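Subject: Model handover

Hello,

Here is the model for you to look over. My notes follow below it.

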Amino acid sequence: MMFKFRVAVFLFLIANSVNCLAQDIWDVSKKMSFPNDLPSPRFIIKLPDSVTGISLRVEDLKSKSEEKLAIVKNVEYVELCFSNQLELNQLVKELTHYSNLKYLSFADNRYGSKTSTDSIIVPAELTNYRNIIAVKFDGNWNMNYSKSLGVLRGLTKLEFFLFVNITQKIPDELRYFKNLKGISIYSDNSVLLPEWINQFAKLESLAIGLSQYKNKGPNYLDFSAALKEIVQIPNLKGLYISKLYDLKEDYDHLSFKKLERLKISEGKIVNNHNFFKFLSNQKKLKFLELSQLYIDTLKGDLEKLKELKSLIIVGANKPLTLEFNLKKLTQLNTLEIRNFNGIDSRIEFPKRLIKLNLSSNKLSFIPVNIAKLSHLESLDLKYNSINALPSNLDKLVKLKGLDLASNILTRLPNNIGDLKSLSHLNLMANPISELPKSIGQLQNLKLLDLTYCDIKILPETIGNLHKLEVLKLQGNFLTSLPNSFANLSNVMYVNFSSNDLKDLPVAFGSLLNLKFLDLTSNNISALPASIGGLTKLEELYLATNNLSSLPEEMGNLIALQKLDLSNTANPKQSYNPREIYRKDNPNPKLTTTKNSIQYLPNDLSKWNNLKFIRMSNYTTLREDNLFKSLFTIPSKGFSVELENVNITTLPFSDWIRFNARVLNLRSNKLTSIPADIINAPYLESYNFNNNLLPSKPINLNSYAGNRYEKLLWFKEFGFITEKDLPKVDSMVLALIEKSSNHYYRKEYKNAVDYANQAININKDLALSKIFKGNLGEANYEVGNYKEAIELLTLALKNDTAGNVRIMNFVVPDFEFRAKSYLKLGDTINAIRDYEMLAVNNWSDSWGEVGILYRKINNDIAAKNSFNKGIKKYLETIDDSKKQKYDVELNQLSLLELYIISEDFILAEVYAETLKGEIKKTSNITLLAYLSACAKIGNNKIKEVNFPFLENIILKNKKDISSWSYELFFKWLRVTKIQKEKEVLMRKLTDLIKPTV
């Protein structure tokens with residue numbers, strides 16, 4: 001797991017002092033939410049309050065191992081991602097490994113197989129997990145909530161239900177869960193609370209709202225009507241409402257008896273007077289948050305909230321007016337006023353404030369009364385325009401956290417060192433070039449963030465910060481470090497990436513508690529031998545420096561988990577995050593260097609904890625010595641990335657000593673693989689893409705993501721035989737993955753063969769996971785037309801069953817099924833498929849339909865089809881012109897359709913009208929070609945200047961990239977025009993079409 005300080009941008013020690021409820025629905029919701037950038041593989045991640053969570057898909061079961069199963073015993077939160085009943089059943093069976101399960105989420109498999117439209121029911125065996133206290137539904141499947149809640153009634157400890165993006169009516173079965181303490185209901189449509197919501201005698205918290213805004217106001221939550229129902233819940237202490245709409249009805253008299261926490265976010269308050277009067281009635285409130293409600297005035301009614309301890313107001317970048325004195329909220333200890341365009345400089349604050357957040361208010365000053373807050377421990381002023389700190393800031397004697405990120409400070413006052421209690425100082429993205437010597441007086445400082453400032457030198461006094469644990473200086477202009485830096489005996493996290501450091505202090509190894517060190521993108525030419533003394537170092541990043549060798553003492557880094565020694569493939573194209581934070585100085589010029597290491601240290605036998613080593617983009621590595629060193633690493637299951645390092649051969653033997661789980665050798669020059677590699681005891685995943693391995697009859701330059709895919713690759717190489725492959729579900733998934741890889745490489749026969757092997761092991765599982773449209777296309781390409789039709793029919797049944805149709809799936813499915821019918825001589829069914837596409841406006845297929853009707857001599861139907869296509873193009877061109885869109889290709893397509901409908905007179909007339917409208921050179925060439933075809937069909941062959949036309953085509957055809965001649969060739973195969981005309985048109989079409 002990544003060292004915890006790396007993800008903490010700015011960490012205050014001060015926790016929110018409001019703890020009205022031990023745990024309510026809002027707390028549970030945060031615990032049951034994975035970050036959007038969930039890593040892959042997504043095995044274990046940490047969630048708030050130390051809850052350990054895992055997100056599971058059926059595909060993840062391929063990498064299941066005894067080592068991983070031992071870890072999951074401590075997991076409290078499991079998210080099951082599935083697309084159909086079969087996948088859900090499989091995943092529920094896996095829950096036997098999660099003995100500590102308390103939080104369970106049902107989610108759709110957003111990145112896996114397409115979600116089924118069939119009804120899904122929670123399996124009955126789920127009732128075996130009696131410790132579950134919270135269940136969340138978050139998916140687009142057709143969940144049978146009535147039957148599923150009937151099953152979940154067997155969970156006697158269940159206290160919380162969360163419904164996300166629910167499109168159905170709240171099921172009546174929910175009312176029978178009498179012990180519920182929290183309910184969360186978010187819908188894409190309007191939120192309709194059932195009349196029995198007030199019957200939950202033990203309900204303490206409720207969250208309701210829309211998942212997204214709608215264009216029409218009435219689809220927002222009807223706040224007034226909802227309140228009248230909710231206020232009757234006898235023991236409600238926490239209420240969270242999102243995306244409310246209007247407050248016209250009489251509700252200001254409503255009063256909750258026990259409400260302590262109220263959060264209202266995203267919406268519009270029409271009647272401020274009624275709204276604040278309603279708020280003032282909630283006498284028990286301790287926590288109040290009003291976020292993005294377009295409020296620009298805080299009414300005096302808030303003075304009546306005498307028990308309020310936390311007030312959070314998030315604006316919409318408008319000025320804020322206070323109609324009462326905040327000082328009268330005498331119990332307030334947390335105040336956040338954010339996202340307003342200006343605050344009165346004379347604003348007064350409650351004396352007991354412990355935490356104050358005034359970020360993102362476009363402040364050019366620090367309000368003068370802040371210095372009077374003698375109890376203040378946390379002050380957040382980031383994302384303002386503050387250019388100087390007041391001299392009386394030192395009066396904040398209890399201040400522990402100060403966040404001034406993204407202001408325009410150029411210097412710090414000399415008395416900054418008088419803030420003796422300060423433990424966290426964030427100055428990120430300020431144009432500060434140096435620190436005062438007094439910075440060394442901050443004896444309690446634990447975190448100092450100077451990311452993307454303009455620091456050129458650090459004072460010697462920096463070494464006096466003996467309690468410093470986290471130091472962030474990436475994206476500055478440092479060329480060296482003071483010798484005193486080695487005195488930071490408690491520092492655990494150091495980031496100097498993207499500076500211009502040439503070396504490190506000789507005694508750098510004295511930082512005995514250092515766990516994380518990032519020196520990426522500097523100009524360091526050598527590391528001190530003392531670096532071997534960093535026995536707690538877990539992560540070391542040395543990418544893109546000027547290193548030519550590594551000290552042997554690095555072998556003593558006994559705690560090392562991650563090591564990056566790579567080079568940037570193209571430094572000029574590298575992304576620089578400084579551009580986001582420092583618009584005033586986004587891209588400073590720094591020396592661009594490159595590591596030229598030849599060897600790793602010879603003896604790495606002390607690296608028992610290694611998880612990852614990367615050495616990519618090298619031309620200097622000695623491959624023989626490299627693997628000798630790697631073979632000495634005792635850690636089991638680490639990853640090795642050696643992408644684009646010019647490796648030509650791998651060791652012939654000794655692979656039993658190679659303990660890595662992942663080996664990435666992409667973009668090297670390997671021509672063969674040693675058979676002994678099968679003896680690598682932990683190797684599960686490899687990447688040999690873009691090497692020089694054999695590509696026929698099977699492309700061995702490939703990737704395997706787990707041990708089952710690896711076995712398939714071993715079989716392809718001849719290292720093992722078919723009988724060595726286990727006939728298990730994990731192998732089915734591996735075969736499908738292999739089939740998919742071959743499909744995307746257009747290796748269709750291999751794609752079909754692997755898919756058929758999967759089907760032979762477990763047909764139901766295979767067909768539930770295969771992208772049937774892709775496999776149908778592959779079968780068409782290899783001539784298995786009947787199989788293609790069967791698979792494409794299944795794909796279409798699934799892809800057109802629901803309300804949402806993804807045209808990238810539907811159109812190719814119909815087209816390849818139609819082509820398969822034609823290959824079998826079934827023109828009628830092919831016509832039906834093309835007509836389906838055309839009638840539903842999924843594709844411009846009327847030309848195809850007309851040609852096929854002409855093929856079976858139904859000229860009337862053919863003419864009708866062509867006319868429908870012509871009408872459609874005319875409408876499209878007219879609409880596009882009104883919108884001022886480019887219509888040239890549509891105009892040329894219409895001209896083509898006139899020709900293949902064999903209305904050559906109209907085609908010639910239309911071609912003449914286009915001569916003044918078509919402007920692009922490539923389209924002018926197409927117009928000349930189609931115009932000539934129209935004249936040929938209209939018996940005006942002599943008017944066509946063939947030498948001139950051929951010269952234009954040969955000169956410009958390379959610029960024609962977005963035109964297909966397939967329809968024209970299909971027409972030429974069935975047309976009954978004179979043979980001479982057909983030959984001339986074919987000659988021109990052969991001339992203009994791309995050369996293969």
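Buried here means under 20% relative accessible area, exposed over 50%, and partly exposed in between (1.4 Å probe, protein chains only). This is a predicted model, with local features needing pLDDT of at least 70, side-chain atom pairs counting only at pLDDT 80 or more, and totals for chains, interfaces and linings using all residues. Residues are numbered from 1 along each chain as its sequence is written, and side-chain values use heavy atoms, leaving out hydrogens and water.

Confidence: pLDDT is the predictor's confidence in each residue, from 0 to 100. The protein averages 87, and 91% of the residues score at least 70. Residues 1-21 stay under 50. Residues 214-219 are also below 50. Where pLDDT is low, the predicted coordinates should not be read in detail.

Asparagine 689: this residue is buried, at 14% relative accessible area. Its place is the loop between strand 32 (685-687) and strand 33 (703-704); strands are DSSP E runs of at least two residues, helices H or I runs of at least four, both numbered from the N terminus. Contact means heavy atoms within 4.5 Å. Beyond four places in sequence, asparagine 689 touches Arg666, Ser667, Asn701, Ser702, Tyr703 and Arg745.

Glutamate 902 follows helix 19, with a positive phi near 70°.

Best wishes
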